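Student: Could you take a close look at the salt bridges in this model, and explain how exposed the partners are and which parts of the chain they connect?

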Amino acid sequence: MNGNARIGRRGFLMGTTAAGAAATVLGPSVLAPAQAAPPTGTGTAPVVVTPADGRYDDVVQGVNPRYVGQPEAVYMVDSPDQVADVVRRAVLGDKRLTVRSGGHCLEGFVYNPETQVVLDLSQMSRVYFDAQLGAIAVEPGAVVADMYERLYKTWGVTIPAGIFHSVGAGGHFAGGGHGHLARLHGMAVDHLYAVEVVVVDAERTVRAVVATRDPDDPNRDLWWAHSGGGGGNFGVVTRYLFRSPGALGNDPRKILPQPPAEVLYSTVSLPWSEMTQERFSRLLKNVGAFHEKNKDPTSPYLAVTGGMIMPHCSGGQLTLGTQVHGSPPGAQRLLDRYLAEALDGLGPVQRSTAQRLSWLQSVAFNGGASNHPTIRGDYKSSYMRANFTDRQVEAFYRFLTRPDIENPKIGVSISGYGGRINAVDRNATAFAHRDCSLNLLWSVEWEDPADDVKNITWNREFYGSVHADTGGVPVPDGVTGGCYVNDVDTDIANPTFNRSTSAWHDLYYRDNYAHLRQAKARWDPLNFFRHAMSVQLP
């Protein structure tokens, strides 16, 4: 999105010879010619990695090394037919199958003690135009950095998705997807026209289905379920197809948003050594007030995405980062107005000169470093609908200045939200957070497994204290707006940490959960695709 699985069970592993025979037995492709993607890979069999293979240790964990599995095999596929064949064999062999695209699942949903077979989609990474459907197809293994480059260099367009370079499309789009362009262009799924999904029906038949957002499409509920319903719930997505609502014609250069030619990026560093509790409170309240005031789709600041990185004081400084889309002089005026509000009342603050970047330069600039294979992590999320309360601000300051822990890699990242995201009705897509102003990510990272308990406990206490007034979690109310399913956290389903009257699915899906359960009953009636926090059957 991992543990001691049983090793060496027979009847499923597909060697080269067995795979070739299986293709004859299984018959023709499950995809109709009109729906099939252009050929990929060898067209024969997936690459199979077992415990005897020297590559095994490198393919049985994702980005977070807290979760390492021992599946019987990892199948690295490169075509929808191969996906269907692997899923079919897992169904017939009663094997517990999980799916990986980019490997950024923050919990152990892919690699865990139950997993016997991993379906690795990382080799399915192409981005191309499907002329028949009139949409740009993105395969699930495509990572954000490569996708942006392909979209822009080929057609001059983009999708308002996330910023981290190595995030895979497979899970990212299923949960909604938002980043620096979202205030201006909405969520990634607001531009999702269709999905191609390998599903399993009640008779254990495996088939691929193309579902669109067209009102008369009988499979439309499958598209809807993938417009924010989270990964690993309904089937295996083999293609996402993007075309903005209202787009005309069949020219790929005109069916998705065009990114700005220029981006203005500002960084303001605020040393913790100068950050009294009063100044900290003023800063956090300023940022919260601006985004609450400008969360509507009619805001004049849609081109402004403000954010703040708030590490523990051992990290040295807070960072106010702002990205403005557009060319001078308008972008500079917007930036100056935003910073004036964000820094109001803080006294003298040293500001560096804003950087002017091209669109692709900004993608590279903001996307983060490559994944470090030894960094362990624990993550939590929340949405704000209104400004921070005094008690929340006090909790932020208290935990970020606590002297009993010293780790510069712990803290909270705040991202500007709202704008065109909030122009869409919360039931129009499965993604329901359409009335919020800020998105927050609690991030705790460390290297030594001996420090697991210390860091995880700190993160739990910090998160629970900020949301103490609502039972330790961000219950959707007048102030907070729930959690982001792409930053999934199993603590939300644990009554020890969620002491509210709201179930975990109320925080992630709000009132869309009942509809998601109906889609689950239709498209995965055997609950074959599941994990610790998957959508439950009715």
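Tutor: Aspartate 390 has a relative accessibility of 57%, and because that is over the 50% cut-off, aspartate 390 counts as exposed. The model is a predicted one, which should be kept in mind for what follows. The partner of aspartate 390 is lysine 285, and in this salt bridge the closest N and O atoms are 3.0 Å apart. Lysine 285 itself is partly exposed, at a relative accessible area of 24%.

Another salt bridge joins the side chains of arginine 460 and aspartate 491, with 2.8 Å from N to O. This pair, too, links distant parts of the chain, 31 residues apart, since arginine 460 sits in helix α11 (residues 452–466) and aspartate 491 in the loop between α11 and α12 (504–509). Arginine 460 is partly exposed at 31% relative accessibility, whereas aspartate 491, at 7%, is buried. Both residues are also members of one network, in which salt bridges that share partners join Lys380, Arg460, Asp489 and Asp491.

A further salt bridge brings together the side chains of arginine 55 and aspartate 53, again given as 2.8 Å from N to O. Here arginine 55 is partly exposed, with 43% relative accessibility, and aspartate 53 is partly exposed as well, with a relative accessible area of 22%. The pairs described here are among the 30 salt bridges counted in the model.

How values were computed: Residues are numbered from 1 along each chain as its sequence is written. This is a predicted model: local features need pLDDT of at least 70, side-chain atom pairs count only at pLDDT 80 or more; totals for chains, interfaces and linings use all residues. Side-chain values use heavy atoms; hydrogens and water are left out. A salt bridge is a side-chain nitrogen of Lys or Arg within 4 Å of a carboxyl oxygen of Asp or Glu. Buried means under 20% relative accessible area, exposed over 50%, partly exposed in between (1.4 Å probe, protein chains only). Helices (H or I, at least four residues) and strands (E, at least two) are DSSP runs, numbered from the N terminus.
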